[in-house]
Amino acid sequence: MAELRKERLDRGVKVRTDSIYAVSSMKEIMFLIGPGLALVIILLVLPLLLSPYWERVLALTGVYVLLSIGFGFLAGYVGMVFLGGALFVGVGGYISGLLNTVGVPIYLSIPLATLLGALLCTLAFLPCLPLRGIYFTMVSFVYPLLAARLIAATGVFGGTDGLPGLDVFPNKWVSLYLIVGVILVVVFAISRLVNYKDIGLVLRGVKDNEQAIKASALNLTWYKAQAVFITAVLGCFGGAYLTHLYGWVGMSLFATEFSSLPVAATVVGGISTVFGPMMGAFLLVPISEALREFGTLRIVFYSVIMVCFVAFWTEGLVDYLKRKYEQFEHWVKV
Amino acid sequence: MEIVIYGIVNSIILILMSSGFALVYGVSRVPNFAHGALFILAGYMAWVFLNRFNLPYILAVLLALVIVTVIGALLYRIIIVRVRGMRTSEIIVSLGVGIAILEYLRWSGLRGMAVMLPPFISGSTSILGVVIDYQRLFIVIGGLGLLAFLWSFTAYTKTGLALKAIAQNERAALALGIDSDMAATVAVALGALFAGIAGIFILPIGNIVVELGYDVLIFAIAVSVCGGVGSWKGAVYASFLIGFAQILTVSYIAAHYHFVVALLVIILVLIIKPSGLFGRQKELEERV
């Protein structure tokens with residue numbers, strides 16, 4: 001028996017669409033925009049089909065999707081492993097809740113909370129931005145805990161009881177299509193930002209070689225701050241959204257789960273594209289919600305999945321699917 | 001006087017909590033985020049052996065420590081070794097294992113205030129007019145003993161020197177025939193053992209609760225970051241700084257701020273002196 005090895009070749013349609021003939025036939029156009037189109041259609045149709053319980057799950061999943069995209073963006077493109085997603089959720093949620101208690105209506109409090117919260121979080125992280133690698137990770141992990149303990153210790157903003165009785169979304173369509181719409185805009189915007197904009201290039205540079213960025217007379221901290229701000233916008237929107245989904249804001253918005261589940265989602269989906277973290281969150285969060293009756297066992301479940309993916313199958317789902325989509329494999333004699 | 005004595009005790013508790021984490025990161029550059037989980041696991045296993053299997057105290061504790069050490073070694077050999085050198089993945093897998101252990105314990109019944117290890121000897125005495133229980137004295141003795149052991153281990157034994165060599169220059173160490181993977185396994189296993197010992201010493205003064213696992217991890221991070229990782233002197237000074245800062249806040253401001261202080265100290269130290277209190281240039285390059 002001769003030894004065999006697997007050979008991978010690009011599909012013909014992939015080769016053609018890479019070059020100038022991209023739009024020569026409907027088939028090739030569909031090959032290019034198909035996956036994105038499928039995503040848009042699925043997400044737009046999904047809210048019409050779900051039962052009330054799964055509508056709730058979809059809303060919560062949406063928040064995790066935004067957090068996962070943020071984590072994947074920072075870790076994959078900027079090289080900052082950020083374990084403090086819960087801080088964004090909490091800050092966004094509390095600002096939105098506080099604005100709402102003084103009478104700001106819901107359609108103003110969410111955008112205000114998103115921007116103000118992101119600004120606040122970025123300012124809070126400003127001193128830590130020069131840190132690299134594991135030190136940044138460790139400090140980011142500490143921030144949400146610090147915020148939660150501060151609220152518990154000082155008793156501000158309702159202390160451990162939180163702020164009840166806030167406005168909720170007028171009906172389920174607003175809440176569902178708001179989060180779906182935001183996800184779609186964010187996914188394509190970030191994908192565009194990192195692939196086609198100058199800042200995307202600089203941010204990749206931050207990941208690969210900070211010295212080169214400094215040598216190019218670019219202000220490293222300024223770019224890192226922008227990246228954190230983008231992530232914070234996603235997280236703070238998620239927090240504000242959750243606040244008005246439940247009509248309540250409390251310390252559970254700073255829960256470690258908001259920091260750890262996005263990591264698992266990113267690892268499962270694959271870190272090299274923006275779509276990976278999103279897919280990961282869409283897979284993991286519903287499963288985790290379905291396991292809710294088992295209590296914290298669901299956290300064990302996704303932690304174990306995360307560890308297995310990192311240690312044994314680093315590629316991630318989306319990269320695997322992308323490879324299958326763009327290439328074919330066959331065995332050849334060595 | 002009370003502040004001085006309890007400050008010292010609190011600082012040594014911090015040293016105990018962080019020594020395992022600092023050891024592993026210092027000698028093998030593996031950030032073991034499962035540290036807090038191993039700390040709780042050791043205490044919980046000792047409790048299970050004591051109360052479910054009615055083993056004698058010494059046996060239960062030793063068994064728990066052995067199991068934790070083995071878990072540490074396996075953690076490295078099975079999982080971390082695959083992602084060695086990739087910082088992100090190392091953090092993610094060890095944190096994942098840590099969360100899995102802690103949340104599994106919570107699910108399997110480690111809830112509420114029921115689980116408690118008995119102190120070595122109950123009772124209390126007074127030193128210079130301050131009442132202090134025997135367990136806290138044991139903690140001081142244990143912490144100092146552990147420090148002495150660590151210092152002599154890394155300075156005089158062959159394994160310890162090998163670990164230090166790997167930390168300083170991995171290539172040169174490899175060229176001299178030091179097995180880098182073996183050394184890292186030893187380091188992670190030792191770190192797990194230290195976490196276990198810390199758990200056995202510290203847990204009797206309170207209840208075994210899952211949240212403590214996360215707190216221990218954070219204190220370990222705080223001490224390592226402040227002290228400058230890999231420098232024993234730094235870790236000891238940082239423990240005393242944070243320990244006394246906590247006790248001072250507890251006695252002059254309010255008890256529930258004591259956790260906040262630790263976190264603020266980390267952030268402040270990083271802003272003012274990013275290399276840590278006793279960090280050297282090499283560490284500065286690594287951090288900033």
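These notes walk through selected features of chains A and B in a predicted model.

1. **Make-up of chain B.** Chain B holds 12 helices and 2 strands. Read from the N terminus, its elements run α-α-α-α-β-β-α-α-α-α-α-α-α-α.

2. **Burial and surface of chain B.** Chain B has 288 residues, and 56% of them are buried. The chain exposes about 11,800 Å². Carbon and sulfur atoms supply 69% of that area.

3. **Contacts along chain B.** Take the contacts in chain B between residues at least 6 apart in sequence. Of these, 73% join residues at least 24 apart.

4. **A helix pair in chain B.** Helix α4(B) covers residues 87–107, and helix α9(B) covers residues 210–227. The two pack at an angle of about 155 degrees, with their axes 9 Å apart. Angles over 145 degrees count as roughly antiparallel, so α4(B) is roughly antiparallel to α9(B).

5. **Who meets whom in that pair.** From α4(B) come Leu95(B), Ile99(B), Leu102(B), Glu103(B) and Arg106(B). They meet Val210(B), Glu211(B), Gly213(B), Tyr214(B) and Leu217(B) of α9(B). By class, this contact of α4(B) with α9(B) has 6 nonpolar, 1 polar and 3 charged residues.

6. **Ser239(B).** This serine sits in helix α10 of chain B, residues 232–252. Is Ser239(B) buried or exposed? Its relative accessibility is 1%, so Ser239(B) counts as buried. Leaving aside residues up to four places away in sequence, Ser239(B) touches Ser11(B), Leu14(B), Ile15(B), Ser18(B) and Val223(B).

7. **Helix α3 of chain A.** Helix α3(A) spans residues 52–78, 27 residues in total. From first C-alpha to last, α3(A) reaches 38 Å. That is close to the 39 Å expected at 1.5 Å a residue. Of its 27 residues, 23 are buried, so α3(A) is largely enclosed by the rest of the structure.

8. **What follows α3(A).** Next after the helix comes Gly79(A). The phi of Gly79(A) is positive, near 75 degrees.

9. **Ala217(A).** Here a residue other than glycine has a positive phi: Ala217(A), near 60 degrees. Where does Ala217(A) lie? Ala217(A) is in the loop between α9 (210–215) and α10 (220–246) of chain A. Ala217(A) has a relative accessible area of 70%, so this alanine is exposed.

Note on methods:
Residues numbered from 1 in each chain as written. Chains lettered and ligands numbered in written order. Predicted model: local features only at pLDDT ≥ 70, side-chain atom pairs only at ≥ 80, totals over all residues. Heavy atoms only, no water. Axes fitted to C-alpha atoms, helices over the stretch in contact; angles between N-to-C directions. Helix = DSSP H or I, 4+ residues; strand = E, 2+ residues; numbered from the N terminus. Parallel < 35°, antiparallel > 145°, perpendicular 65-115°, else oblique. Contact = heavy atoms within 4.5 Å. Nonpolar A, V, L, I, M, F, W, Y, C, P; charged D, E, K, R; others polar. Expected span 1.5 Å × (residues − 1). Buried < 20%, exposed > 50% of the residue type's maximum accessible area, 1.4 Å probe, protein only. Areas by Shrake-Rupley, 256 points an atom, 1.4 Å probe, with all protein chains shown as cover.
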